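I opened this model to look up its helices, its core and its charged pairs. The entries below are in the order in which I made them.

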Amino acid sequence: MLRPFDNDERRQFRETCRRFAETELQPFANEWDEAGEIPWEVHEKAGALGVWGFGVDEKYGGLGMDDIFMRAAWGEEAARAHNGGTLAALGGRSISIGPIHKLASQDIKDRILKDIVLGKRAPASASPNRVADRTSPICRPPRGRTAITG
């Protein structure tokens, strides 16, 4: 497909996302769907790709830039895994990152944002398999390091 706004960086990112979907998501889609959970390491691997780092300062684990075409590439390529539950489990943290980055106190940003962006911790709103501790801005991955997908 011809993409008139592509450049080398965007093409490379898209290809990286495609390989990730083909090797890290697609082969396990049915297994995770049946189990109703995905291994926590999948969050960490996606975080290492930078998929949650758009629009987030580098000091918080972000990319220090935003690119709507690269965001779209991640979404399109991840969808190739054909597992909405996995994508929901992975994507839930996206809802929290922007508000934390823009509105949270410096203390909260310093303590948790980098780990959330890198997939090492889940914000309370992205932890459907655990009741959020209202006194804490984050929830740790549950015992066994998995996330519920459905």
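**Ground rules.** The model is predicted, so I noted that local features need pLDDT of at least 70, that side-chain atom pairs count only at pLDDT 80 or more, and that totals for chains, interfaces and linings use all residues. Residues are numbered from 1 along each chain as its sequence is written, and side-chain values use heavy atoms, with hydrogens and water left out.

**Fold.** I counted seven helices and four strands. Both are DSSP runs numbered from the N terminus: helices are H or I with at least four residues, strands are E with at least two. The order from the N terminus is α-α-β-α-α-α-α-α-β-β-β. I then looked up burial, where buried means under 20% relative accessible area, exposed over 50%, and partly exposed in between (1.4 Å probe, protein chains only). Of the 150 residues in the chain, 42% are buried. For contacts I used heavy atoms within 4.5 Å. Among contacts with a separation of 6 or more, 65% join residues 24 or more positions apart.

**Helix α7.** I checked the length of α7, which covers residues 106–117. Its 12 residues reach 16 Å from first C-alpha to last, close to the expected 16 Å; the expected span is 1.5 Å times one less than the number of residues. Its buried residues are K109, I112, L113, I116 and V117. They fall within an arc of 130° seen down the axis of α7, so they line one face of the helix. The arc is taken from the directions from the helix axis to the C-beta atoms. As background, an α-helix has 3.6 residues a turn, so residues three or four places apart point the same way. Just after α7, G119 has a positive phi of about 80°.

**Helix α3.** W40, V42, H43, A46 and G47 are buried in α3. Their arc is within 155° seen down the axis of α3, so these residues also line one face of their helix. G50 follows α3 and has a positive phi, near 95°.

**Core.** I took a nonpolar core as a set of buried Ala, Val, Leu, Ile, Met, Phe, Trp, Tyr and Cys residues joined through side-chain atoms within 4.5 Å. The largest one has 28 residues, and F13, L25, V42, W74, L90, I97 and L113 touch the most other members. At least two core residues come from each of α1 (8–25), α3 (40–49), α4 (68–78), α5 (84–91), α6 (94–103) and α7. The most come from α1, with five residues.

**Salt bridges.** My rule was a side-chain nitrogen of Lys or Arg within 4 Å of a carboxyl oxygen of Asp or Glu. By this rule there are 11 salt bridges. One of them joins D67 and R10 at 2.9 Å, N to O. D67 is in the loop between α3 and α4 and R10 is in helix α1, so the pair ties together parts 57 residues apart in sequence. Both D67 and R10 are buried.

Which residues pair with R18? The side chain of R18 meets E15 at 3.3 Å and E77 at 3.0 Å. R18 and E77 link distant parts of the chain, helix α1 and helix α4, 59 residues apart. E77 is buried, at 2% relative accessibility. Shared partners join R14, E15, R18, R19, E76, E77 and R80 into one network. R18 and E15 are both in helix α1, three residues apart, about one turn. E15 is partly exposed, with a relative accessible area of 30%.

**Loop residues.** D66 lies in the loop between α3 and α4 and is partly exposed at 46%. Leaving aside neighbours within four places in sequence, D66 is in contact with F54, G55 and R71. F54 is 12 residues from D66 in sequence, and their C-alpha atoms are 4.6 Å apart.

Last, I looked at H82, in the loop between α4 and α5. Phi of H82 is positive, near 55°, though the residue is not glycine. Most residues other than glycine have a negative phi. H82 is exposed, at 67% relative accessibility.
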